[in-house]
Amino acid sequence: MGVHVVVGATGGTGTALVRELLGRGEVVRAVSRRGDCAVPGVEAVAGDAADARRMREVCDGAAAVYNCVNPPFAQWRAVFPETVRSLVAAAEAADAVLAFADDTWMYGAVDGPMTEETPVRPVSELGVFRAWLAEMTLAAHYRGAARTVIARGGELYGPNVESLFGQNLFGRATLGRRPILFGDPTLPLTPTYIGDFARTLATVAADPTAHGQVWHTPHPAPTTALDFTALATTAKPITLPSGVTTALKLVSPVVRQGAQLLYQFHQPFIVNGNKFTAAYPQTPTPYADGVAATLTWYQGHKHQIRTTALPS
């Protein structure tokens, strides 16, 4: 009956998770650097996730702690490892489970659906880093320091989510501009709706039999980037060839880091969530419903839309 502490509560994943937990009737403490939260009905507190002493304070009395922290790429080396260490220590002190919101970058180049048994073979520096963070998180469970569990999603989309489908698709569609796609838009993929990701995270955190494992978020049947985009706009997408991306890397630090991950859109990008649905029957959000909810959010947040200087 303890409090559920969401660390990184103002990002897309954290915000969706706060709403999911409130919908389950849980008491939620939302932790962010500024100490604010857009969701009413929670206790919002300030705290640096890498500050072990502060995290132990904010996690006092917790039943579950959720690591939804996502610092800018440039801060990863300095912030992320210490965040994992501080949250493991805080969860251990509170006798709480630590649930980690993860991605699929550690699997690297694949030629079929990714399952929890897919070998960890990262092909990017960021993928290696994510593999290390996941290993740190699960190692805490198996050495008896703190109960931990990991939920993984694919390329996220939804309200308040920034990803390759964020500003590039939904932001530009909201402004009546052509969306931007990367890689081969005809390959199969399973975009992850943020609400489904939050539901998976909350579900496996609540079940002790799920702890110590990795769980993939369930998805509808695979789509393609072209078909997914067509749900948001009738405008013809701009597909960026690898040469353009290479040029952008020279002028944009964000693109320079994120371009490491574009290989995912040159191969099938299918996240298989059958393990989860076998244990917890759950119907994934249809793409049309998720896209509609995302567009509604962007319509209400036009002032936050940032678009690249590409043709409209």
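Biologist: Which strands does helix 6 lie across, and at what angle does it run to strand 5?

Modeller: Please bear in mind that this is a predicted model. Helix 6, residues 194-206, lies across strand 4, strand 5, strand 6 and strand 11. Its direction is at about 155 degrees to strand 5. Helix 1, residues 12-23, lies across strand 1, strand 2, strand 4 and strand 5, and its angle to strand 1 is about 165 degrees.

Biologist: In what order do the strands of the open sheet stand, and is the pairing parallel or antiparallel?

Modeller: The general idea is that strands of a sheet pair through backbone hydrogen bonds, in either a parallel or an antiparallel sense. Here seven strands make up an open sheet with the order 3-2-1-4-5-6-11, and they pair in parallel. Strand 3 (43-46) and strand 11 (214-216) are at the edges; each has a single partner strand, so one side of each lacks a neighbour in the sheet. On average, neighbouring strands of this sheet are turned by 20 degrees against each other, direction ignored.

Biologist: How many bridges join strand 5 to strand 6?

Modeller: Five bridges link strand 5 (residues 97-102) with strand 6 (residues 148-152), and the two run parallel. Within this pair, Phe-100 is placed opposite Ile-150 of strand 6. Strand 1 and strand 2 are also paired in the parallel sense, over four bridges. There, Val-5 faces Arg-29 of strand 2.

Biologist: Which residues of strand 2 point one way, and which point the other way?

Modeller: In a regular strand, side chains alternate between the two faces of the sheet. In strand 2, Val-28, Ala-30 and Ser-32 point one way, while Arg-29 and Val-31 point the other way. Both sets are buried, and strand 2 is accordingly described as mostly covered, with five of its five residues buried.

Biologist: At what angle do helix 5 and helix 11 pack?

Modeller: Helix 5 (residues 166-174) packs on helix 11 (residues 287-299) at an angle of about 65 degrees, with the axes 9 Å apart. The two helices are therefore roughly perpendicular to each other. Their crossing is right-handed. From helix 5, the residues that meet the partner include Gly-166, Phe-170 and Thr-174; from helix 11, they include Val-291, Leu-295 and Tyr-298.

Biologist: Is Thr-294 buried or exposed?

Modeller: The cut-off for buried is under 20% relative accessible area. Thr-294 has 0% relative accessibility, so it counts as buried. This residue lies in helix 11. Beyond its neighbours within four places in sequence, Thr-294 contacts Tyr-157, Gly-158, Pro-159, Phe-170 and Tyr-193.

Biologist: Where does Val-161 lie?

Modeller: Val-161 is in the loop between strand 7 (156-157) and helix 5. With a relative accessible area of 7%, Val-161 is buried. Its contacts, leaving aside neighbours within four places in sequence, are Gly-12, Leu-156, Gly-166, Ile-194 and Tyr-298.

Biologist: Which residues touch the most other members of the largest nonpolar core?

Modeller: That core holds 93 residues, and Val-6, Val-7, Leu-17, Val-65, Tyr-66 and Phe-170 touch the most other members. Apart from neighbours within four places in sequence, Phe-170 has contacts that include Tyr-157, Phe-165, Phe-228 and Ala-232. A second, separate core has six residues, among them Ile-180, Ile-238, Leu-240 and Ala-259.

Technical notes:
Residues are numbered from 1 along each chain as its sequence is written. This is a predicted model: local features need pLDDT of at least 70, side-chain atom pairs count only at pLDDT 80 or more; totals for chains, interfaces and linings use all residues. Side-chain values use heavy atoms; hydrogens and water are left out. A nonpolar core is a set of buried Ala, Val, Leu, Ile, Met, Phe, Trp, Tyr and Cys residues joined through side-chain atoms within 4.5 Å. Buried means under 20% relative accessible area, exposed over 50%, partly exposed in between (1.4 Å probe, protein chains only). Contact means heavy atoms within 4.5 Å. Two strands pair if DSSP finds at least two bridges between them. Axes are lines fitted to C-alpha atoms, for helices over the stretch in contact, and angles run from 0 to 180 degrees between N-to-C directions. Angles under 35 degrees count as roughly parallel, over 145 as roughly antiparallel, 65 to 115 as roughly perpendicular and the rest as oblique. A crossing is left-handed if the near helix is turned anticlockwise from the far one by less than a right angle, and right-handed if clockwise.
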